[in-house]
Every structure is written in C-alpha cells, then in structure tokens.
Amino acid sequence: PARFEVLSQNPPILLDGAHNRSGMDALAENIDFYYPDQPILYLCGMLRDKNPEDALAPILRADTTRFCACITPPSPRAMQAEDLCEIFRARGIASEPYASIDAALDALKELRGDSESDMLPILCFGSLYSAGDIRRACGIYNETAE
C-alpha cells in the first residue's frame, strides 16, 4: 500500500507515500516509466520538516504537471496547503489549496475531462499521514482495521 498503489484504474488514481527527496526521486522514475511525457494531476500534502522545496524538486515539472491540489496533512508538523501551493506556483505549476481530500479529489476529477483520451491520471503523494484518508476517499478500506 501507498507505493505507486493503483486506487482506481478508470479513472486512474495512484497513491505514493513519497515524502522526502529519495522517495520523490523514486516517484519521478515511476512517473517517467509509466507516464512518459503525459500530463498528470497531483494531490499533495507534506510535512514542513521534510524540506519540501528540495524533496519536491524531482517532480516539479511544469511541462507535464497540469495542476496540483494541495492539502494540509493531519499532523501538527504539517505544512499548510496555502504554503505548499507557493512551491508549485514558483515552478510554474497551477495550484490551489483545499480544505479536505474529498474536495481536492472532486476538483481534480472535474479538471480531468470526460472522454477516455482526457482521463488524466491523478497522483496523490507527499505524506503517509494522508494515505489512509486518500485510500478511504477512493473506496479502499483496510479490512483488518475497519
């Protein structure tokens, strides 16, 4: 779970727990392998003590990242969604803060388009603190914990 985990095939929604530079390097490799030069939508939330500007560097790609919906993870160490948006915007990536994972996913689904050719993948990443809530929002439940 939470390592380039496919939460939905159609529409494509993926979850990765990448939250530091080495995790983002691995995530960038997966993006390049599975979605070379393809536009992608992001849902991101990070902790402020993970050096977000450096950690995000491998995946800050204005040429293929269409939009990033930023959230604030459920942690006292969380970076506020508004501050996270500024990192994406500084690299030319449109970004908006959202108060919840459900609101962020709804916004991303609207941006994605309706035809099969417009079904851009949604990649959720940045904090393991949000992984369980993202999985639940996509209808994935841990049977042993529920």
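Which residues is Ser130 in contact with, leaving aside its neighbours within four places in sequence? Counting heavy atoms within 4.5 Å as a contact, Ser130 touches Ile71, Pro73, Pro74 and Ile101 once those neighbours are set aside. The model is predicted, so local features need pLDDT of at least 70 and side-chain atom pairs count only at pLDDT 80 or more, while totals for chains, interfaces and linings use all residues. Residues are numbered from 1 along each chain as its sequence is written, and side-chain values use heavy atoms, with hydrogens and water left out.

- Ser130 is placed in helix 5 (residues 128-137), where helices (H or I, at least four residues) and strands (E, at least two) are DSSP runs numbered from the N terminus.
- With a relative accessible area of 3%, Ser130 is buried; buried means under 20% relative accessible area, exposed over 50%, and partly exposed in between, with a 1.4 Å probe and protein chains only.
- Helix 4 (residues 101-112) has 12 residues that should span 16 Å at 1.5 Å a residue, and its end C-alpha atoms are 16 Å apart, which agrees; the expected span is 1.5 Å times one less than the number of residues.
- The buried residues of helix 4 are Ile101, Ala104, Leu105, Ala107, Leu108 and Arg112, and they cover an arc of only 160 degrees around the axis, which puts them on the same side of helix 4; the arc is that of the directions from the helix axis to the C-beta atoms.
- These buried residues of helix 4 pack against strand 2 (13-15), strand 3, strand 4 (65-70), strand 6 (122-125) and helix 5.

**Nonpolar cores**

- In soluble globular proteins, nonpolar side chains tend to be buried together.
- The largest nonpolar core has 27 residues, and those with the most contacts inside it are Leu56, Phe88 and Phe125; such a core is a set of buried Ala, Val, Leu, Ile, Met, Phe, Trp, Tyr and Cys residues joined through side-chain atoms within 4.5 Å.
- Two or more residues of this core come from each of helix 1, strand 3, helix 2 (52-56), strand 4, helix 3 and strand 6, with helix 3 giving the largest share, 5 residues.
- Leaving aside neighbours within four places in sequence, Phe125 is in contact with a set of residues including Asp16, Tyr42, Leu56 and Phe88.
- A second, separate core of 19 residues includes Ala2, Ala104, Cys124 and Ala131.

**Aromatic pairs**

- The structure holds 4 aromatic pairs, where rings of Phe, Tyr and Trp (its six-membered ring) pair if their centres lie within 6.5 Å, and planes under 30 degrees apart count as stacked, over 60 as edge-to-face and the rest as tilted.
- The rings of Phe4 and Tyr34 have centres 5.4 Å apart and planes at 25 degrees, so this pair is stacked.
- Because Phe4 lies in the segment before strand 1 (5-8) and Tyr34 in helix 1 (residues 21-34), the pair ties together parts that are 30 residues apart in sequence.
- Phe4 is buried at 14% relative accessible area, whereas Tyr34 is partly exposed at 48%.
- Tyr42 and Phe88 form an edge-to-face pair, 6.4 Å centre to centre with 65 degrees between the planes; Tyr42 lies in strand 3 (residues 40-44) and Phe88 in helix 3 (residues 81-90), so the pair ties together parts that are 46 residues apart in sequence.
- Tyr42 is buried at 1% relative accessibility, and Phe88 is buried at 0%.
- Ring pairs also link Phe4, Phe33 and Tyr34 into a cluster.

**Salt bridges**

- The structure holds 9 salt bridges, each a side-chain nitrogen of Lys or Arg within 4 Å of a carboxyl oxygen of Asp or Glu.
- Asp16 forms a salt bridge with Arg3, the closest N and O atoms being 3.9 Å apart; this pair links distant parts of the chain, with Asp16 in the loop between strand 2 and helix 1 and Arg3 in the segment before strand 1, 13 residues apart.
- Asp16 is buried at 6% relative accessible area, whereas Arg3 is exposed at 53%.
- Arg61 forms a salt bridge with Asp32, with the closest N and O atoms 2.6 Å apart.
- Arg21, Asp25 and Asp54 are linked in a network of salt bridges.
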